[in-house]
Amino acid sequence: MTIKQAQESIDNWVRTIGVRYFSELTNTAVLMEEVGEMARLLARLYGDQSFKTPELEASAREDLADEMADVLFVLMCLANQTGVDLTEALQKNLDKKTRRDADRHAQNPKLR
């Protein structure tokens, strides 16, 4: 599925199953909530925090993928609501980073 197809699929889902989009401000708050849930799992899987029980750790990798998908879903909702073509936006962003960082990271001793 391309980014464009994903945006179209999400728009269709929202309009048929979700009834309508939440307001942009509500979706921004929901996005922050989803990013927080993803961050909580990352802190436990890759950071210094631990899981409360071994059972929670066992399902955490599947949960992480689901939380990442939640973040992407809400971000695409916001893009749809605000008229942003994420395919075009991502390409422009990569072009900008390529121009700006052409030598920057290669010359960074911290990355060696």
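Modeller: Helices here are DSSP runs (H or I, at least four residues), numbered from the N terminus. This is a predicted model, where local features need pLDDT of at least 70 and side-chain atom pairs count only at pLDDT 80 or more, while totals for chains, interfaces and linings use all residues. Residues are numbered from 1 along each chain as its sequence is written, and side-chain values use heavy atoms, leaving out hydrogens and water.

Now the packing: the axes of H2 (residues 24–45) and H4 (residues 60–82) come within 9 Å, crossing at roughly 160 degrees. That makes H2 roughly antiparallel to H4 (the label for angles over 145 degrees). Sorted by class, their contact has 15 nonpolar, four polar and seven charged residues; nonpolar means Ala, Val, Leu, Ile, Met, Phe, Trp, Tyr, Cys and Pro, charged means Asp, Glu, Lys and Arg, and the others, Gly among them, are polar.

As for confidence (pLDDT, the predictor's own, from 0 to 100), the chain averages 94, and 100% of its residues reach 70 or more. H3 (residues 54–58) is lowest at a mean of 78, and H1 highest at 98.

How values were computed
Axes are lines fitted to C-alpha atoms, for helices over the stretch in contact, and angles run from 0 to 180 degrees between N-to-C directions. Helices (H or I, at least four residues) and strands (E, at least two) are DSSP runs, numbered from the N terminus. Angles under 35 degrees count as roughly parallel, over 145 as roughly antiparallel, 65 to 115 as roughly perpendicular and the rest as oblique.
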